[in-house]
Amino acid sequence: MINRLVLENFKHRPVRTLLTALAIGIQVTLILTLVGLSFGMLNDIAKRTEGTGADLVVLPPDASIIGFSQTMAEGIVSKVRELPHVALATGILMQPIGGINYITGIHLNEFTQMSGGFEYLAGGPFQQPDDMIVDEVYARGAKIHVGDTVNLGKPWHVCGIVVPGKLSRTFAELKTVQERYSATGQISRIYVKADNPANIPAIQSELQQKLPTYGVYRMEELVSLMSVNNVPMLRQFTDVIIGVGLVIGFLVVFLSLYTAVLERTREIGILKALGAGPGYILDILMRETILLSVFGTITGILMSYGVRALLSAFVPSFTMEIVYSWWPFAAILAAIGSLIGAIYPGLKAARQDAIEALSYD
Amino acid sequence: MIEIRDLKKTYHVGDVDVHALRGVNLSVERGEFLCVAGPSGSGKSTLFHILGGLTPPTSGEIRIEGRDLLKMTDAERTNLRKTTVGFVFQKYNLLPTLTAQENIDIARDIAGRRQADPHFSEVLSLLGIAGRLRHKPRALSGGEQQRVAIARAIVNRPALLLADEPTGNLDSENSRIVLDLLRRLNHEFHQTILMITHDPEAAAYGDRIVRMKDGRIY
Ligand SMILES: Nc1ncnc2c1ncn2[C@@H]1O[C@H](COP(=O)(O)OP(=O)(O)O)[C@@H](O)[C@H]1O
Ligand SMILES: [Mg+2]
């Protein structure tokens with residue numbers, strides 16, 4: 001019977017009900033989008049790192065797992081190459097070009113040997129020093145074709161478009177990148193391939209001895225470290241968004257229920273005259289709140305699919321995943337924010353004087 | 001069944017004390033149909049609100065079926081409304097979002113009863129609203145709404161039915177129907193009824209009339 005009353009209350013004010021659910025949905029989408037982007041981007045970076053075909057990675061001292069602000073001398077590559085059991089070693093330079101994108105300087109031959117080579121959708125390998133290869137995702141996002149000139153601080157001439165999945169989305173000759181961005185002789189990573197997988201641990205300990213301050217990771221180690229908790233600020237940023245979401249949920253439900261309680265002063269008085277105690281009145285409002293947060297969560301989940309579709313259509317380099325494991329958490333957050341928002345209106349309704357309410361017009 | 005001695009009620013409105021009841025004495029027998037008359041502001045509604053457990057008395061003695069209302073806690077007064085009294089108001093006070101049937105059902109739900117007792121269907125046929133139960137209040141005439149309100153007030157078989165100017169908003173035709181109903185409830189089901197009314201014709205439906213003035217009964 002209470003459920004009937006709750007439903008009728010919703011139907012009585014459909015716009016308020018929908019807007020409240022929508023606002024709670026935005027809270028949920030906000031969280032799911034951020035989490036989906038964190039997971040999606042990190043997984044994407046991890047997959048592309050694996051796409052290099054390397055067995056080991058050497059990072060400069062103090063470099064973070066996914067950051068590229070630290071560099072090391074290119075000369076180290078030849079020392080690495082001389083170690084026993086090392087089949088291939090190649091250095092690359094990741095140069096930030098705004099947003100989440102980097103132009104990656106590579107030795108095309110070495111990189112081809114290690115990764116198995118690019119699969120060209122259009123155009124072909126570098127011909128001129130200022131040639132650039134981009135992957136299909138980048139090309140689609142920036143609406144680039146072979147033959148175009150792209151300005152990334154410096155003009156680059158697009159010579160080829162390749163299938164994504166190999167380290168970066170934009171490539172140029174290492175030497176040109178070093179010269180153009182004043183990093184002569186500098187590289188950000190060394191990728192190493194063993195002559196036989198069985199020798200990987202031996203190479204790792206050898207490298208660790210020779211380069212004690214450097215980061216030396218096996219590929220699966222590096223990939224497993226690419227999680228939200230290991231990315232500086234991302235964890236905190238997620239917490240902030242969760243906090244903002246809670247406040248939104250709280251405010252929206254507070255206002256919505258507060259106006260509902262004011263509007264239903266007389267009805268609450270009637271229920272009290274019929275013998276409803278504070279518990280009965282609270283029960284009605286709590287059910288409304290829980291139902292609103294359930295509607296809101298469902299709306300939010302649906303909207304997160306919408307956000308993903310929009311991103312992949314307009315900003316394809318932002319890879320967003322639908323992270324199912326966060327749905328219950330987002331639902332609980334929506335419920336908590338809403339229930340906190342319901343406390344004050346609920347108490348106001350429960351305490352309301354029946355006689356005053358009945359004489360209220 | 002009702003014993004009231006020197007009952008006083010004072011409302012505090014800001015710094016001002018409003019003496020709504022200044023010493024009421026009254027006893028009502030089980031099965032009685034008592035009418036309460038008197039000018040506006042004389043304390044009639046206040047007396048009903050106290051009898052119905054909507055507000056606590058200030059001092060004096062007041063018992064319904066032996067239960068002392070002066071000592072009741074909020075929860076006990078809630079329970080009194082649930083089980084012992086039913087209200088009918090001048091403005092019907094049906095819940096606008098529910099149908100007539102649901103308005104009756106919710107009173108039963110609040111009282112924690114699951115299903116209608118067989119006696120109640122007799123009462124419903126007496127009230128003549130059986131065909132109107134699926135409608136919402138705004139689709140009902142005033143007279144129909146008041147009959148639904150009466151059904152709702154007695155669905156839990158309260159010992160006492162309190163009607164505060166139940167015909168105040170009705171035309172004479174509908175007033176007569178409602179008053180007839182109250183009289184039949186009283187005669188055929190021995191429902192104890194207290195009714196406030198300004199109208200001498202309406203007051204004649206009761207077994208007895210008491211008059212209030214300045215917070216006292218004369
Ligand atoms: N909730 C209240 N707060 C303050 N004063 C009230 C309240 N209810 C009634 N009164 C006052 O008590 C007096 C009696 O009112 P009431 O019982 O409604 O009289 P009646 O029903 O006979 O017209 C009036 O002076 C009224 O203003
Ligand atoms: Mg009155």
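**Close-up views of a predicted model**

**View 1. Ser45(B) reaches ligand 1 through its side chain.** A polar side-chain atom of Ser45(B) sits 2.8 Å from an oxygen atom of ligand 1 in this predicted model. On its own, ligand 1 would expose 550 Å², and the protein buries 66% of that.

**View 2. Here is the shell around ligand 1.** Strand E1 (2-13), strand E2 (16-28) and helix H1 (44-51) of chain B each give two or more residues to this shell. H1(B) supplies the largest share, three residues. Look for Tyr11(B), Val13(B), Pro39(B) and Lys44(B), which are among the residues around the ligand. Sorted by class, the shell holds five nonpolar, six polar and one charged residues.

**View 3. Now meet the place where chain A and chain B touch.** Here 22 residues of chain A contact 24 residues of chain B. Together the two chains bury about 2,100 Å², with 66% of it on carbon and sulfur atoms. On the chain A side, Met1(A), Leu274(A) and Ile355(A) lose the most area to chain B, together 30% of what that side buries.

View 4. The interface has two salt bridges, and five residue pairs are in polar contact across it. Helices H1 (2-12), H10 (265-273) and H13 (354-358) of chain A each give two or more residues to the side touching chain B. That side has twelve nonpolar, four polar and six charged residues.

Technical notes: Residues numbered from 1 in each chain as written. Chains lettered and ligands numbered in written order. Predicted model: local features only at pLDDT ≥ 70, side-chain atom pairs only at ≥ 80, totals over all residues. Heavy atoms only, no water. Near = heavy atom within 4 Å. Polar contact = N/O pair within 3.5 Å; in protein donor to acceptor, adjacent residues only side chain to side chain. Areas by Shrake-Rupley, 256 points an atom, 1.4 Å probe, with all protein chains shown as cover. Helix = DSSP H or I, 4+ residues; strand = E, 2+ residues; numbered from the N terminus. Nonpolar A, V, L, I, M, F, W, Y, C, P; charged D, E, K, R; others polar. Contact = heavy atoms within 4.5 Å. Buried area = accessible area lost by both parts, 1.4 Å probe. Salt bridge = Lys/Arg side-chain N within 4 Å of Asp/Glu carboxyl O.
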